[in-house]
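Subject: Structure for your files, with notes

Dear colleague,

Here is the structure I said I would pass on. My notes come after it.

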Amino acid sequence: MVNKQFFIYGRVQGVGFRFTTWREAQKLGLSGFVKNREDGSVEVVVRADLSTLEKLRSWLQVGPRAAKVNKIVEQDYKGEIQLTDFSIKH
C-alpha cells in the first residue's frame, strides 16, 4: 500500500469533481480524502495498492464530464492523518 497526494488543476471546482471523486473512490474501496484548494485546484490524498492507484490516477486525468483537467501533480503523501475511509473535506 502507498499513500499518494494529487493536485489537479484546470476547470475542477464547481463541476462536481469532489463528489464524483468520492464516488469513484468508494467504488474502488479506497481511503483518503478530496478537497478544494484556495488556488482553484483540487487535492486528493489516497491510500491504495498500486493497481487500484493506477485506476484512480486514470480517472483523475479526466474527472467528471464538466471538468477540464489541465495538469496533475502527484507526490508521496507524508502527512500525519489516519486514512481509514474516503471523505470530502470542506
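The notes below start with the conventions, then go from the whole chain to single residues.

This is a predicted model, in which local features need pLDDT of at least 70 and side-chain atom pairs count only at pLDDT 80 or more, while totals for chains, interfaces and linings use all residues. Residues are numbered from 1 along each chain as its sequence is written, and side-chain values use heavy atoms, with hydrogens and water left out.

Overall fold

The chain has two helices and five strands, in the order β-α-β-β-α-β-β from the N terminus. Its radius of gyration is 12 Å, close to the 12 Å that the globule rule gives for 90 residues, so the chain is as compact as a globular protein of that length. That radius is taken over C-alpha atoms, and the globule rule is 2.2 Å times the number of residues to the power 0.38. Helices (H or I, at least four residues) and strands (E, at least two) are DSSP runs, numbered from the N terminus. The C-alpha trace spans about 30 × 25 × 20 Å along its principal axes.

Of the 90 residues, 41% count as buried; buried means under 20% relative accessible area, exposed over 50%, and partly exposed in between (1.4 Å probe, protein chains only). Of the contacts with a separation of 6 or more, 77% are between residues 24 or more positions apart, where contact means heavy atoms within 4.5 Å.

The annotated site

UniProt, in an unreviewed entry, lists Arg18 and Asn36 under "active site". They span 19 residues in sequence, yet no two of their C-alpha atoms are more than 7.5 Å apart, so they gather at one spot. UniProt positions are given in the numbering used here, feature names are shortened, and annotations may be inferred rather than shown by experiment.

Arg18 is in helix H1 (residues 17-28) and is partly exposed at 23% relative accessibility. Not counting residues up to four places away in sequence, Arg18 touches Val34, Lys35, Asn36, Ile88, Lys89 and His90. Asn36 belongs to strand S2 (residues 31-36) and, with a relative accessible area of 29%, is also partly exposed. Beyond its neighbours within four places in sequence, Asn36 is in contact with Gln13, Arg18, Ser41, Val42 and Lys89.

A charge sits over a ring if NZ of Lys or CZ of Arg is within 6 Å of the ring centre and within 35 degrees of the ring normal. Lys71 lies over the face of Tyr9 in this way, at 4.9 Å from the ring centre.

Thr21 is another residue of helix H1, and is buried, with a relative accessible area of 0%. Its side chain reaches the backbone oxygen of Phe17 at 2.7 Å. Apart from neighbours within four places in sequence, Thr21 is in contact with Val34, Val44, Trp59, Leu60 and Phe86.

Gly16 is in the loop between strand S1 (2-11) and H1; at a relative accessible area of 36%, Gly16 is partly exposed.

Strand S1

Gln5 lies in strand S1 and counts as buried at 10% relative accessibility. Its side chain makes polar contacts with the side chains of Glu43, at 2.5 Å, and Gln75, at 2.7 Å. A polar contact is a pair of N or O atoms within 3.5 Å; within protein, one must be able to donate a hydrogen and the other to accept it, and residues adjacent in sequence count only if both atoms are side-chain atoms. Among the residues that Gln5 touches, leaving out those up to four places away in sequence, are Val44, Val73 and Tyr77.

Asn3 is in strand S1 as well, and is partly exposed with a relative accessible area of 26%. The side chains of Asn3 and Arg47 form a polar contact of 3.0 Å. Asn3 and Gly79 are 76 residues apart in sequence and 9.1 Å apart in space, C-alpha to C-alpha.

Regards
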